[in-house]
Amino acid sequence: MRIAGRLAAEVLDMIKPHIQLGVSTLELDRICHDHIVNAQQAIPACLGYGAAPGRPAFQHTICTSVNHVVCHGIPSSEKILKKGDILNIDVTVIKDGYHGDTNMMYVVGGETSILANRLCNVAQEAMYRGMETVRAGSFIGDIGYAIQKYVESERFSVVREYCGHGIGTVFHDEPQVLHYGQKGTGMQLEAGMTFTIEPMVNAGVWQTKLLGDKWTVVTKDHKLSAQFEHTILVTETGLEVLTARPEEDLSRFM
Ligand code: MF3
Ligand code: CO
Ligand code: CO
């Protein structure tokens, strides 16, 4: 899990210099795909994943969710990045049978609106606030409570229909990790558990809409959305961030 997590995090660092005005999200997908397959000798978990009645399998390596897209955006040659776009790249790799799943926001062209910037910062801090509650003996509901309380205090909303998940040899496993709820509820955490925390934060209402492609999730009011995700390991005293990036400040978890 540590190796898979490190590889997933590496993809998010590797792709950063390629996120430029005029690049398409499909080009970013190709670069990530080639890096995972050739340099990392790992497997892109999303490619061919998730076929269900009435829904085709996902056909790409990364999810690219721009502006009002909440999650599961499909890379496309038609989606050209422009200045001030906020982009989420979500990547999951499989190495030696284990999954590492992580995502983060990027600002295209280096600057965006004050609102978009604050939304991205609140989504990242929301993830960290959830992570801060994690240790052996805490409750899974503590995570969602901390996230919801913080996000709503910033006058943003938390998406309800999508959640974090157990992860290991299985991509999406039990338990569901809700990003809203009540403290002291749900299962109690034990050292050795691995799961993701991946809050989606909306500038407007929390409700979402699924597009006709059966993957792309957008905000119902078409206002902006932002997300951050880590895969974590529960320890006796806290957690270990399996998808930490080298330059990320995680000092509060040490
Ligand atoms: N990586 C996403 C998650 O955080 C899942 C994407 S599934 C895909 O759980 F098929 F859309 F790629
Ligand atoms: Co993910
Ligand atoms: Co996930």
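Which residues lie nearest the centre of the largest pocket? In this predicted model, they are His72, Tyr162, Cys163, His165 and His172, from a lining of 30 residues. The space in the largest pocket comes to about 580 Å³. By class, its lining comprises 13 nonpolar, seven polar and ten charged residues. At least two lining residues come from each of strand S4 (86-95), strand S7 (164-166) and strand S8 (173-177). The greatest contribution is that of S8, which supplies four residues.

The second largest pocket holds about 200 Å³ of space. Its lining consists of 13 residues, and Val69, Gly73, Ile74, Lys79 and Thr216 are those nearest the centre. Five residues of this lining are nonpolar, six are polar and two are charged.

The packing of two helices was also examined. Helix H1 spans residues 2-15 and helix H2 residues 25-39; the two pack with their axes 10 Å apart, at an angle of about 135°. H1 is therefore oblique to H2, since an angle over 145 degrees would be needed for the pair to count as roughly antiparallel. The crossing of H1 and H2 is right-handed. On the H1 side, the contact is made by Glu10, Val11, Met14 and Ile15. On the H2 side, Leu28, Ile31, Cys32, His35 and Ile36 take part. Seven of the residues in the contact of H1 with H2 are nonpolar, one is polar and one is charged.

Technical notes: Residues are numbered from 1 along each chain as its sequence is written. Chains are lettered from A and ligands numbered from 1 in the order in which they are written. This is a predicted model: local features need pLDDT of at least 70, side-chain atom pairs count only at pLDDT 80 or more; totals for chains, interfaces and linings use all residues. Side-chain values use heavy atoms; hydrogens and water are left out. Axes are lines fitted to C-alpha atoms, for helices over the stretch in contact, and angles run from 0 to 180 degrees between N-to-C directions. Angles under 35 degrees count as roughly parallel, over 145 as roughly antiparallel, 65 to 115 as roughly perpendicular and the rest as oblique. A crossing is left-handed if the near helix is turned anticlockwise from the far one by less than a right angle, and right-handed if clockwise. Contact means heavy atoms within 4.5 Å. Ala, Val, Leu, Ile, Met, Phe, Trp, Tyr, Cys and Pro count as nonpolar, Asp, Glu, Lys and Arg as charged, and the others, Gly among them, as polar. On a 1 Å grid over the protein atoms alone, a cavity is a set of points where a 1.4 Å probe fits but cannot get out, and a pocket is an open set with protein on both sides within 12 Å along at least five of seven lines; lining residues have an atom within 4 Å of a point. Grid points are joined across faces, edges and corners, and a volume is the space filled by probe spheres set on the points.
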